[in-house]
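Biologist: Please take me through one part of this model in close detail, beginning with a single residue and then widening the view to what surrounds it.

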Amino acid sequence: MTLINENFLNLTNNYLFSDVANKVKAYKACHPSAEVISLGIGDVTQPLPLVSVDAMKQAVEEMGCPKTFRGYGPEQGYDFLIDAIIRNDYLPRGIKLKPNEVFISDGAKSDCGNIGDIFDSCNSVGMTDPVYPVYADSNMMCGRTITYLPCNIANDFVPSLPDKKLDIIYLCYPNNPTGTVLTKAELKRWVDYALLNDSLIIYDGAYEAYIQEPQIPHSIYEIDGATLCAIELRSFSKTAGFTGVRCGYTVVPEELTASTRHGERISLNHLWNRRQCTKFNGTSYITQRGAEAIYTPEGQKQVKQVIGYYMQNARLMKDSLIDMGYRVAGGENAPYLWVKIPDSVSSWQFFDRMLNEAQVVVTPGLGFGASGDGYIRLTAFGQQEDCLKAMRRMKHVKM
Ligand code: MLT
């Protein structure tokens, strides 16, 4: 008899964004002529930067030629991309990484789900509520106990330090879903907590490129001591339109260790490398050439332009929502707006009404955790005219 992993039975029936997609699909099937505007899942609408398109075309040519064809690449990623990351994303902030500390992957979602492979299932885990569902679901799948740290209007969406020792803590800044950020001082409190309690922080910096205010930290390694207690994840999805191409990376510092049950300290870099070599065959050469191209001066210019476009959407939407009387967090250093909805409706009811009455897709806050009910999330990744149209339509829905 084959036994299942019963932890799966503790999950909600569907992944949040599949639930939303199914509801939208059903609505469209009944209303084929409806013009539905999606501000739901954070899928970008601007195409890949031209530099990446050109680099990928060139890479395809190489792959089609016997002299330049490449088979399996290094599981950890090609040096050309790793070097570009270290030189551009870290060195200018005073962070020195070694090439073997950066692991290229097929995206931050996979890495944040997979990283749990190297940790015992008895670790206690902490994460904010609301939270990107992958952290919660992937830990539930292996039966870890999760402590949620509520973030709401009362604490300005800044989680309090846990009142007990937690072994692994997930932090995502700029935050998905609330769009809020942590100051250096706030982030330092977490690093200090982790060092004091021998905890590990998994720091998801997927939205780092959206930070506008100069004093906001871009990497957890800007905080002293973080290389001893933190893994950092990054993504090219929202930075450079790689949602459908898939590329990200994970930094696991060499000096980062965790304990065996007998107290022996083991290098996490070694374990992650071992895990990747076994279960992952590397991100495609073509994809990595496309990602490398965004670090050229022209690439940086093109990326900044697109991010500026989305941030303008965020500003326009935030202003409209505030005019409509909503309280809105985020949207200043992140592509997400976290909107307080009237107490008279649940977040799924609000979702249904916006879909049915305004043909606008939002993400119900409850999908991100219990503290998310009473809120919805909007993304700024749409076409500008769609974002504005969505705001006009939402205005006419009276709650
Ligand atoms: C989101 O909408 O939260 C993200 O697009 C999901 C993801 O990146 O996996």
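Modeller: Ser 105 is found in strand β2, which spans residues 102-105 (strands are DSSP runs of E with at least two residues, helices runs of H or I with at least four, numbered from the N terminus). The model is predicted, with local features needing pLDDT of at least 70 and side-chain atom pairs pLDDT 80 or more, while totals for chains, interfaces and linings use all residues. Residues are numbered from 1 along each chain as its sequence is written, and side-chain values use heavy atoms, without hydrogens and water.

With a relative accessible area of 1%, Ser 105 is buried (under 20%, with exposed over 50% and partly exposed in between, for a 1.4 Å probe and protein chains only). The side chain of Ser 105 makes a polar contact with the backbone nitrogen of Gly 107 at 3.1 Å (N or O atoms within 3.5 Å; within protein, one able to donate a hydrogen and the other to accept it, with sequence-adjacent residues counting only through two side-chain atoms). Beyond its neighbours within four places in sequence, Ser 105 is in contact with Asp 111, Arg 246, Cys 247, Gly 248, Tyr 249, Phe 280 and Thr 283 (heavy atoms within 4.5 Å).

Because both domain 1 and domain 2 give residues to the shell around the ligand, the ligand lies between them. That shell consists of Phe 17, Ile 41, Gly 42, Lys 109, Tyr 132, Asn 176, Tyr 207, Lys 238, Tyr 336 and Arg 377, each with a heavy atom within 4 Å. An oxygen atom of the ligand is 2.5 Å from an N or O atom in the side chain of Tyr 132, a backbone N or O atom of Gly 42 lies 2.6 Å from a ligand oxygen, and a polar side-chain atom of Arg 377 lies 2.7 Å from a ligand oxygen. Of the 270 Å² of accessible area that the ligand has on its own, the protein covers 85% (Shrake-Rupley method, 1.4 Å probe).

Terms used
Domain bounds come from an automatic or database domain assignment.
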